[in-house]
Amino acid sequence: MTSHRNGSTGVSDFLLNCFVKSPTWQLWLSLPLSLLFLLAMGANATLLITIRLEASLHEPMYYLLSLLSLLDMVLCLTVIPKVLAIFWFDLRSISFVACFVQMYIMNCFLAMESCTFMVMAYDRYVAICHPLRYPSIITNRFIAKVAIFVLARNALLTMSVPILSARLHYCGRNVIENCICANMSVSRLSCDDVTINRLLQFAGGWTLLGSDLILIFLSYTLILRAVLRFKSEGAVVKALSTCGSHFILILFFSTILLVFVLTHVAKKKVSPDVPVLLNVLHHVIPAALNPIVYGVRTQEIKQGIQRLLKKGW
């Protein structure tokens, strides 16, 4: 298919070519990806409704969890429906504007999610290391300020990459070897030098996600040090249980991201389709598992869901 011309860019739409080396992956991925998408949307919607309707869950910790669920749902809706449209109906075309809007939302909301995990780690640090001061530090006003900070920091600092990519000159090729409009996959189609674009992507990613992960690690190190000082075995178990759900969510988020980065580093040794697959899965697996982990491990949420189901029946 020939590229459509546009006076300023040379290309008015792109074609997403998901798995260049392994096209049959689309067949066996379509059903499980659909189920994961439905699970992610249903579980997060249930969690949001439960927290909204249950007065006992109107606490800062659950507001942070609501924010995480909203971010997960937006990321899923930005990526997975288009991927499924490619898998099921071969609708590979995406407009020039839609491609860069998708790129911006993915970069922005991924950074927002990382920032939210960092705040959740701080919340657990205050709860365990300074329990008496927790009600005065982690307040609804604090959560409102956090939400504004998460939105403003990431909306502004992730804007430069898609803007710079959109300003490149795309003179002919329009086939993106990816399921989504990832910055590096799109910018390599440009006829211009993309060195600055790559450096900006690298610097921005490590500055935002790297700083968040360092602060998360620091928070849990301080939590672990405080827990080991507890004399009561019951207090240790309770403290670790309280942090368990948060830690599992962070593992979901960071493990897939780490594997994705490593496969890019070792791209000569692995199929180019593997990073593409991991990039897609990173937008749906954590979103599907996060609310389930909280629903299973948090007694208050579990009881809230049960009460809502009884009212529904």
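What follows is a set of questions and answers on a predicted model.

Student: How are H1 and H2 oriented relative to each other?

Tutor: The axes of H1 and H2 are 9 Å apart and meet at an angle of about 155°. Angles over 145 degrees count as roughly antiparallel. H1 is therefore, relative to H2, roughly antiparallel.

Student: At what angle do H2 and H3 pack?

Tutor: H2 covers residues 60-89, and H3 covers residues 96-129. Their axes lie 10 Å apart. The two helices are roughly antiparallel, and the packing angle is about 160°.

Student: Is the crossing of H2 and H3 left-handed or right-handed?

Tutor: The handedness can be given for both helix pairs discussed so far. For H1 and H2 the crossing is left-handed. For H2 and H3 the crossing is left-handed.

Student: Which residues does Lys82 contact, leaving aside neighbours within four places in sequence?

Tutor: The place of Lys82 is in H2, and the residue is buried. Once neighbours within four places in sequence are set aside, Lys82 is in contact with Leu16, Leu91, Arg92, Ser93, Ile94 and Gln102.

Student: What is the phi of Asp90?

Tutor: Asp90 is found in the loop that runs between H2 and strand E2 (93-95). Asp90 is not a glycine, yet its phi is positive. The value is about 60°.

Student: How many salt bridges are there?

Tutor: The criterion is a side-chain nitrogen of Lys or Arg within 4 Å of a carboxyl oxygen of Asp or Glu. One of the pairs is Arg124 with Asp123, at 2.7 Å from N to O. By this rule the count is four.

Student: How many residues apart in sequence are the parts that Glu54 and Arg307 tie together?

Tutor: Glu54 and Arg307 form a salt bridge, with 2.9 Å between the closest N and O atoms. Glu54 lies in the loop between helix H1 (25-53) and H2, and Arg307 in helix H12 (residues 299-312), so the pair ties together parts of the chain separated in sequence by 253 residues.

Student: Which helices does the salt bridge between Arg153 and Asp212 tie together?

Tutor: The side chains of Arg153 and Asp212 meet at 3.0 Å, N to O. The two residues tie together parts that are 59 residues apart in sequence, because Arg153 and Asp212 lie in helices H5 (residues 140-157) and H8 (residues 195-227).

Student: What is the relative accessible area of Asp212?

Tutor: Arg153 counts as buried at 15% relative accessibility. Asp212 is buried as well, and its relative accessible area is 0%.

Student: How far apart are the C-alpha atoms of Phe19 and Asn178?

Tutor: Phe19 is placed in the loop between strand E1 (13-16) and H1. Phe19 is buried, with 3% relative accessible area, and its contacts beyond four places in sequence include Cys179, Asp273 and Leu277. Phe19 and Asn178 are 159 residues apart along the chain, and their C-alpha atoms are separated by 7.0 Å.

Student: What is the C-alpha separation of Cys171 and Ala287?

Tutor: Cys171 lies in the loop between helix H6 (160-166) and strand E3 (175-176), and counts as partly exposed at 30% relative accessibility. Along the chain, Cys171 and Ala287 are 116 residues apart. Their C-alpha atoms are separated by 37 Å.

Note on methods
Residues numbered from 1 in each chain as written. Predicted model: local features only at pLDDT ≥ 70, side-chain atom pairs only at ≥ 80, totals over all residues. Heavy atoms only, no water. Helix = DSSP H or I, 4+ residues; strand = E, 2+ residues; numbered from the N terminus. Buried < 20%, exposed > 50% of the residue type's maximum accessible area, 1.4 Å probe, protein only. Lys, Arg positive; Asp, Glu negative; His and termini not counted. Contact = heavy atoms within 4.5 Å. Axes fitted to C-alpha atoms, helices over the stretch in contact; angles between N-to-C directions. Parallel < 35°, antiparallel > 145°, perpendicular 65-115°, else oblique. Left-handed = near helix turned anticlockwise from the far one by under 90°.
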